[in-house]
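Morning, everyone. I have one structure to show you today. Please take a look at it on the screen.

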Amino acid sequence: MINLKELSLVSGKAAWMAYLDIYCLDVDGALFDTALLSVVAAFSYLEIPVPVVSLNDDGKIVLSEEQGLSDREPVNKEKRKINLSSIPFSLTCVLHKNYILADPTAEEESIMDTIVTVVLDSSSQLVSLHKPGGTVLAYTSAIQDCIALTRQRVKELQKILEEAISGMEVD
């Protein structure tokens, strides 16, 4: 989702590191789906910070103000947004006998035979398929149906994400 070159300060020497913690205050199923969408929204608004950094005499990255290097050419001069590519979207489905239930609640997850989480990118290409435990599936049609449901959901999630990002205001 993030091209690591976007985080580079000096090619091959230094780069910004991006940390993201997720705190779940309440959950009623499909936690991964919600967390992934939150991560995408957060990184969509991520900007590389302004602190001016320079190379010192040893070739190390330092904050210019701290080292008295204000006369040196700064490595980064202004804030810049991170460009995201191949944005992932997920949908969790539960399988029970011949039924598929998309976006289950926690209670529904707890009583079903199998849980499947499908992750597609913004062009509906399969990124990941996760099926932790549960019964063995003897037929692929259920998985194909879950992927088809996820393709439909990607369109909805893209609209939700666009609305959320356009409404974000951060100083």
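**A walk through the chain**

Buried residues make up 29% of the 171 residues in this protein chain. Keep in mind that this is a predicted model.

Now the surface. The protein chain exposes about 11,200 Å². Carbon and sulfur atoms supply 52% of that area.

Next, the secondary structure. How many helices and strands does the protein chain have? Four helices and ten strands. Follow them from the N terminus and the order reads β-β-α-β-β-β-α-β-β-β-α-β-β-α.

What about contacts along the sequence? Take the contacts between residues at least 6 apart in sequence. Of those, 58% join residues at least 24 apart.

Let's zoom in on one hairpin. Strand β9 covers residues 114-121, and strand β10 covers residues 126-130. Which way do β9 and β10 run, parallel or antiparallel? They run antiparallel, and four bridges join them. Here is a pairing you can find on the screen: Val118 has Leu129 in β10 as its bridge partner. Between the two strands of this hairpin sit four residues. Look at Ser124 there: Ser124 takes a positive phi, near 65°. One general point while we are on strands. In a regular strand, side chains alternate between the two faces of the sheet.

Note on methods: Residues numbered from 1 in each chain as written. Predicted model: local features only at pLDDT ≥ 70, side-chain atom pairs only at ≥ 80, totals over all residues. Heavy atoms only, no water. Pairing = 2+ DSSP bridges. Buried < 20%, exposed > 50% of the residue type's maximum accessible area, 1.4 Å probe, protein only. Contact = heavy atoms within 4.5 Å. Areas by Shrake-Rupley, 256 points an atom, 1.4 Å probe, with all protein chains shown as cover.
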